[in-house]
Amino acid sequence: MISFLMPVKNEAKYVKGALESIVCISTASIEVIVVDDGSDDGTPELVESLGYSSVRLFRTAGIGKAAAFSLAYEKAVGDYFILIAGDDCIVADVVQARVAPLRQVGVAEPAISLCKLKSFSDNEKYNGMILPKNKSLGLESGGCMAFNKAFGELAFPIPSVLANEDSWLVLHARFSHVIKYQVPLVGLLYRIHQNNSYQRGASFDVVNTQMWARQRAAFYFFEKHGSKLSDEQIRVLLFEFVVHVFRYMGSSVLLLLVPRVSFSLKLKALFHSGAYLYSVRERFYKFFSGR
């Protein structure tokens, strides 16, 4: 069975479309675990009214996005897992391609697959991007990741204090012993709008704070898994964190000098290290995204 994990909060405008994109899948046994995280706009009532037999709804008073994902994972009974937000849509025809490589792996071996996403938005600047731009790769993000039970047991629960699930899951994918498959097909339609948890088009100060909050994941990851990392992995993790420190401080030149860090990460950090460079990045958003 494939379990789709969907935390929602005040998604009455979009959640029907998100669920419809999943329940139409007829080529696999599926369940959708919806965790309503304290909505006050009728979201859980709408989910119930749809009457989908494959959807199970759980309500909380408001435990946060990371904890809601963890609760969804706890309640799921599947062998394979896909995360989805209540304002996005799954590409149903690609689900089997995302899961197929995972079926070839032993049950004790953590494994993931990465697909591409295509953005859609009322704002033309953010509409129609297929990420990443590299034609042979999927995107390292929670929504583009399908994973097996062994990876789930490794990565969950997600620390509830974290601002997002992406950073935590990607750290496990990069630094733990995980089998990784690339499925370079668009498997997720990602909606960009003003209520995304990570805001686009916001002021530099807002984005700077958002990006810094995501770095907490590195501390918790090292605390949990540091003893299993090689010396080289520890160095890479540390140097990448240093890049983010310099970025947050606005030290554009210093971040470029940090060793053992990919050029693409440095470039992204550079264009988020000051108001002017960030304005350039926003002006040419589609060019810079997904590289």
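E232 is partly exposed, with a relative accessible area of 36%; here buried means under 20% relative accessible area, exposed over 50%, and partly exposed in between, as computed with a 1.4 Å probe on protein chains only. The model is predicted, so that local features need pLDDT of at least 70 and side-chain atom pairs count only at pLDDT 80 or more, whereas totals for chains, interfaces and linings use all residues. Residues are numbered from 1 along each chain as its sequence is written, and side-chain values use heavy atoms, with hydrogens and water left out.

The side chain of E232 meets that of R235 in a salt bridge, at 3.4 Å from N to O. The term salt bridge denotes a side-chain nitrogen of Lys or Arg within 4 Å of a carboxyl oxygen of Asp or Glu. R235 is likewise partly exposed, at 36% relative accessibility. Both residues belong to helix α9 and lie 3 residues apart, about one turn of the helix. Helices (H or I, at least four residues) and strands (E, at least two) are DSSP runs, numbered from the N terminus. An α-helix has 3.6 residues a turn, so residues three or four places apart point the same way.

R174 pairs with E240, and their closest N and O atoms are 2.7 Å apart. This pair links distant parts of the chain, with R174 in helix α6 (residues 166-175) and E240 in helix α9, 66 residues apart. R174 is partly exposed, with a relative accessible area of 34%, while E240 counts as buried at 10%.

A further salt bridge joins the side chains of E124 and K286, at 3.5 Å from N to O. Here too distant parts of the chain are linked: E124 lies in the loop between β6 (111-120) and β7 (130-131), and K286 lies in helix α13 (residues 285-288), 162 residues apart. E124 is exposed, with a relative accessible area of 55%; K286 is partly exposed, at 34%.

The structure holds 11 salt bridges. Elsewhere in the chain, salt bridges link E45, E48 and R59 in a network.

The buried residues of α7 (residues 204-213) are F204, V207, N208, Q210, M211 and A213. The cover over these residues includes α8 (216-225), α9 (231-249), α11 (263-270) and α12 (275-283), where contact means heavy atoms within 4.5 Å.
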